[in-house]
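Dear colleague,

I am passing on the structure you will find below, together with some notes on what turned up when I went through it. Please read the notes with the model open beside you.

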Amino acid sequence: MMDYPLSIRSILYRVKTIFPRKEIVSRDFSGIFRYNYGQMYRRTCQLAHALRKLGIQQGDKVASFAWNNHRHLELYFAVPCYGAILNTVNIRLFRDHLIHCINFAENKVMFIDEDLVPVIEDIQGELKTVRAYVIMTDKTELPPTTLFPVYSYEELIKDEPEEYDFPYLDEWTPAIMAYTTATTGFPKGVLYTHRGIYIHSLSILVGELGANERDVCMPIVPMFHVNAWCRPYADALVGAKQVLPGSRPTPKDFCELIHNERVTHSSGVPTIWMGILNHVLENPGKYDFSCVRCFISGGAPLPAKLIEDYEKKLGVALYQGYGQTETTPVTLICYPKSYLEDLPEPDKYILRAKTGLLLPGLEMRVVNEKGEEVKHDGKEMGELLLKGPWVIKEYYKDPEKTRESFIDGWFRTGDIVTIDEEGYVQVVDRTKDLIKSGGEWISSVDLENHLMGHPAVAEAAVIAIPHEKWQERPLACVVLKPEARGRVTREELKDFLRDKVARWWLPDEIVFVEEIPKTSVGKFSKRVLRQLYQEGKLTDAY
């Protein structure tokens, strides 16, 4: 066999050769922008020439600070194919985390969407390695800025050649750098190789949930976080039309794009799907979702009630996926096997709400506190360990955290799971979020999912609070839907739970809050809730 590298270059070659006429739609700052893969390829070549003009060398880090749009897509291809490393910086990081991540990566150039310029202006004086800033806008003139030296993206590339001789890089060459969403300390850096991204992109195309050339794919999961689950690369591989929702999208924007562009496939976190469902139901008859083949949810457990609501109220199949920053990120996807499709309700929704089946190409172990593998009975719990070609082998410049997170060549996910006879994995909790009460474990995730099954509950998060006798007990933080506030009581919610969980699982306290604090990528932030409780600030809002 030929010694031919698995690389992003081959994805770029395929789209320009096979799918040059397929459309890409981007919600730009001044309106909808349309072009095709052929035009994207030519602009990507121009961008590569511009990188050389900026003095970027192979192996240098180039930062993007941007939303899901066509310029960001061009960076996704140009930077790694050129031989540099694209550091997709999370735009929602805290100020000190943002400074740390940019400096730690030693980025040489930053590409910034126009509406995010003030964030970088605020920290420019503390950035040690950035020597140029490029503002991405569709305006003819740059917005006023204190950044220096500063360039316009469009002006930078417009006179460059539309062909570039991209090198055949070693497939183990780093392509993308990302950071974990830190719960303690600073975010940890991870490097994704060309090989890992290519194999991962192929793997997520397998089965019913993969895309094909006829699909219209809209990644809602942000491109500034874990490669937008590799959707930009996987969708390009098959020549699917891509729809990029742009700056600060709302549920209304998503619904309009789905309706107008006839989106068939999309991916995002559960809070996004809750917002879209509510917006559609609040505007009956306005949106046609008959084009949708499937939506995929990830980043947090997916409530069975939300799956049921999408199927019964919107006629849309909503599936669950699972992954982590350290795994490029997808490792599990939940779909019913052929002989399980006709399960009676509610069994089919319980199955669909499981975390998922292992993707091809990976191996897993589930081990208890003694390091022994648990039974595949859906009951015994253990930590999920993973191994495979798109799982990292170390954290970037962090040997101590690397030692803590790997055991005998296996990556420790930190998630406590069960696995049943069919191979379906169910995340019970994060190791740090499990509640140990009287020597027994309580799953905060199960309690949350059951609470969000109540028709009056919009969101729910459960944390452990200290208890003198039982060590820890669950406290539930609940956001009621507006029409239910003042009408639904704590006792009603506890009664709702009584036939769904063990009696000793019932929360000792339920607090009604205005909103559940979110992390930078839309997950519930239990760290903030625990801090508010410790400070005595976790009290009823209504």
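**Backbone, packing and cores**

Arg262 has a relative accessible area of 29% and is therefore partly exposed, since that class covers values between 20% and 50%. Please keep in mind throughout that this is a predicted model. Arg262 sits in the loop between H9 and strand S12 (265–268), and its phi is near 60°, a positive value in a residue that is not glycine. With a relative accessibility of 46%, Arg248 counts as partly exposed. Such places are worth noting because most residues other than glycine have a negative phi, and most peptide bonds are trans.

On the subject of peptide bonds, the one that joins Phe148 and Pro149 is cis, with omega about -15°, and Pro149 belongs to the loop between strand S6 (132–136) and strand S7 (150–152). Another cis peptide bond links Glu345 to Pro346, with omega at about 0°, and here the proline is located in the loop between strand S15 (330–333) and helix H12 (347–352).

Turning to helix packing, helix H14 (residues 444–451) and helix H15 (residues 490–497) pack with their axes 10 Å apart and at an angle of about 110°. How are H14 and H15 oriented to each other? They are roughly perpendicular, because an angle from 65 to 115 degrees is placed in that class. The crossing in which H14 passes H15 is right-handed. On the H14 side the contact is made by Leu447, His450 and Leu451, and on the H15 side by Leu493, Phe496 and Leu497. Sorted by class, the residues in this contact of H14 with H15 are five nonpolar and one polar, with no charged residues.

As for the interior, nonpolar side chains in soluble globular proteins tend to be buried together. The largest nonpolar core in this model has 79 residues, of which Met40, Phe77, Phe111 and Tyr233 touch the most other members. Leaving aside residues up to four places away in sequence, Met40 touches Leu12, Val15, Ile24, Tyr35, Leu73, Glu74 and Phe77. There is also a second, separate core of 50 residues, which includes Cys291, Ile307, Val316 and Val457.

Although Leu191 and Asn87 are 104 residues apart in sequence, their C-alpha atoms are 9.1 Å apart in space. Beyond residues up to four places away in sequence, Leu191 touches Ile85, Pro174, Ile176, Met177, Ile392 and Tyr396.

With best wishes

Key: Residues are numbered from 1 along each chain as its sequence is written. This is a predicted model: local features need pLDDT of at least 70, side-chain atom pairs count only at pLDDT 80 or more; totals for chains, interfaces and linings use all residues. Side-chain values use heavy atoms; hydrogens and water are left out. Helices (H or I, at least four residues) and strands (E, at least two) are DSSP runs, numbered from the N terminus. Buried means under 20% relative accessible area, exposed over 50%, partly exposed in between (1.4 Å probe, protein chains only). Axes are lines fitted to C-alpha atoms, for helices over the stretch in contact, and angles run from 0 to 180 degrees between N-to-C directions. Angles under 35 degrees count as roughly parallel, over 145 as roughly antiparallel, 65 to 115 as roughly perpendicular and the rest as oblique. A crossing is left-handed if the near helix is turned anticlockwise from the far one by less than a right angle, and right-handed if clockwise. Contact means heavy atoms within 4.5 Å. Ala, Val, Leu, Ile, Met, Phe, Trp, Tyr, Cys and Pro count as nonpolar, Asp, Glu, Lys and Arg as charged, and the others, Gly among them, as polar. A nonpolar core is a set of buried Ala, Val, Leu, Ile, Met, Phe, Trp, Tyr and Cys residues joined through side-chain atoms within 4.5 Å.
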